[in-house]
Amino acid sequence: MYYRGKFADGGDGREMAAKRQRIVDPGSSFYGTSPGSSFMYNPPPYGYVNQPPPFPVVRLRGLPFDCTETDVVEFFHGLDVVDVLFVHKGGKFTGEGFCVLGYPLQVDFALQRNRQNMGRRYVEVFRSKRQEYYKAIANEVSDARGGGVGSGGSPRRSAPRARSYDEGKDSAEHTGVLRLRGLPFSATKDDIMEFFKDFVLSDDSIHIVMNSEGRPSGEAYVEFSSAEDSKEAMGKDRMTLGSRYIELFPSSLSEMDEAVSRGR
C-alpha cells in the first residue's frame with residue numbers, strides 16, 4: 001500500500017519512479033519479503049495522520065568500491081528497495097550512494113543497519129531528503145554526458161573505459177547474442193524491445209537474468225536474427241534506458257543458457 005498523498009518534503013513517491021525507471025505497483029512489494037527477515041513488518045495504514053510522510057530515502061557512506069546494486073539490496077534484505085544510486089565525482093566512485101525504499105517507515109529499519117558490514121567494510125546509513133537524492137541524480141546524468149561515466153550503476157561498471165576495453169568489444173566475434181548489463185531492476189521485456197526498436201525482436205528472444213533468489217540481476221540476454229544485427233545493435237552500447245546507461249557485450253548461446261539456468 002503506497003501513500004497517495006504528497007511527502008513532507010514536497011515530492012510524490014511515485015514521481016521518483018519516473019525519474020529512475022523504478023516502477024512499483026501500489027499494493028505489492030517490489031521484491032517481496034523474506035519470512036526470516038528481521039526487517040519484516042506491516043506498515044500501519046495511518047502512520048502519518050496530521051502530516052504527510054517523508055520521502056523514503058537513505059544515504060549510504062563507506063560502500064565497497066566493487067559493490068553492486070544487488071549488494072545493496074542484500075544489505076537491506078527484507079526491505080522494499082525501489083532504487084539504488086551510486087555517487088561519482090570526476091568519474092570516480094566516492095563510496096557514497098542513495099537507497100530509496102518502498103515505505104517511509106522502512107527508513108527507521110534501514111537505519112538499524114548503520115555501521116553493519118558489507119563484505120569487509122562497515123557501511124554508514126543516514127537519513128536523507130528527496131532534494132538530496134534528485135540532486136545526486138542530476139549530477140550523475142550531467143557527469144555522464146560530460147565525461148562518459150555511467151549513471152547510477154555499479155561503481156565498477158561506471159568507471160571510464162580504457163581504449164583496449166572498447167577494442168576488445170569491437171574485435172569480439174558476433175554470434176547473434178548480446179548481453180546487457182546495468183538494467184534497472186524494474187526493466188521488462190517491452191522496455192528492452194523499445195531500447196532495440198530498430199530491430200525485430202520477439203518476446204522469446206529476450207531473457208532477463210535472475211539471481212539465486214529469483215530477483216532481477218540487472219542483466220539480460222537478447223537473441224537477434226543474425227550476427228550482423230547483433231553487431232549493428234552494438235551501436236546502442238552505453239545509451240540510456242530511462243536514466244540508466246546500458247552496457248552491451250557480444251555473447252553466445254552457451255553463455256546465455258548458463259546465466260539463465262543459474263537464476264532458476
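A nonpolar core is a set of buried Ala, Val, Leu, Ile, Met, Phe, Trp, Tyr and Cys residues joined through side-chain atoms within 4.5 Å. In the predicted model described here, the largest such core has 21 residues. Of these, V58, L60, L63, V72, F76 and C99 touch the most other members. Six elements each supply at least two residues of this core: β1 (57-61), α2 (69-75), β2 (81-89), β3 (92-101), α3 (106-111) and β5 (121-127). In soluble globular proteins, nonpolar side chains tend to be buried together.

Setting aside neighbours within four places in sequence, L60 is in contact with V72, F76, G95, E96, G97, C99, V123, E124 and V125. F76 lies in the loop between α2 and β2. The relative accessibility of F76 is 0%, so F76 counts as buried. With residues up to four places away again left out, F76 touches V58, L60, V81, C99, A110, R113 and V125. The C-alpha atoms of F76 and R113 are 7.5 Å apart in space, while the two residues are 37 apart in sequence.

The chain as a whole was examined next. Its secondary structure comes to eight helices and 11 strands. Of its 264 residues, 49% are buried. Among contacts with a separation of 6 or more, 73% are between residues 24 or more positions apart.

V84 is buried because its relative accessible area of 2% falls under the 20% cut-off. V84 and P184 are 100 residues apart in sequence, yet their C-alpha atoms are 9.4 Å apart in space.

P184 also takes part in a cavity lining. Three cavities of 30 Å³ or more were counted.

E140 lies in helix α4 (residues 130-147). Its relative accessibility is 2%, so E140 counts as buried. The side chain of E140 makes a polar contact with the side chain of H88, at 2.7 Å.

Backbone geometry was considered last. Most residues other than glycine have a negative phi. R115 has a positive phi, near 65 degrees. R115 is placed in the loop between α3 and β4 (116-118). With a relative accessible area of 47%, R115 is partly exposed. R238 likewise has a positive phi, of about 70 degrees, although it is not a glycine. R238 is found in the loop between α7 (227-233) and β9 (240-241). R238 has a relative accessible area of 26% and is therefore partly exposed.

Notes. Residues are numbered from 1 along each chain as its sequence is written. This is a predicted model: local features need pLDDT of at least 70, side-chain atom pairs count only at pLDDT 80 or more; totals for chains, interfaces and linings use all residues. Side-chain values use heavy atoms; hydrogens and water are left out. On a 1 Å grid over the protein atoms alone, a cavity is a set of points where a 1.4 Å probe fits but cannot get out, and a pocket is an open set with protein on both sides within 12 Å along at least five of seven lines; lining residues have an atom within 4 Å of a point. Grid points are joined across faces, edges and corners, and a volume is the space filled by probe spheres set on the points. Buried means under 20% relative accessible area, exposed over 50%, partly exposed in between (1.4 Å probe, protein chains only). Helices (H or I, at least four residues) and strands (E, at least two) are DSSP runs, numbered from the N terminus. Contact means heavy atoms within 4.5 Å. A polar contact is a pair of N or O atoms within 3.5 Å; within protein, one must be able to donate a hydrogen and the other to accept it, and residues adjacent in sequence count only if both atoms are side-chain atoms.
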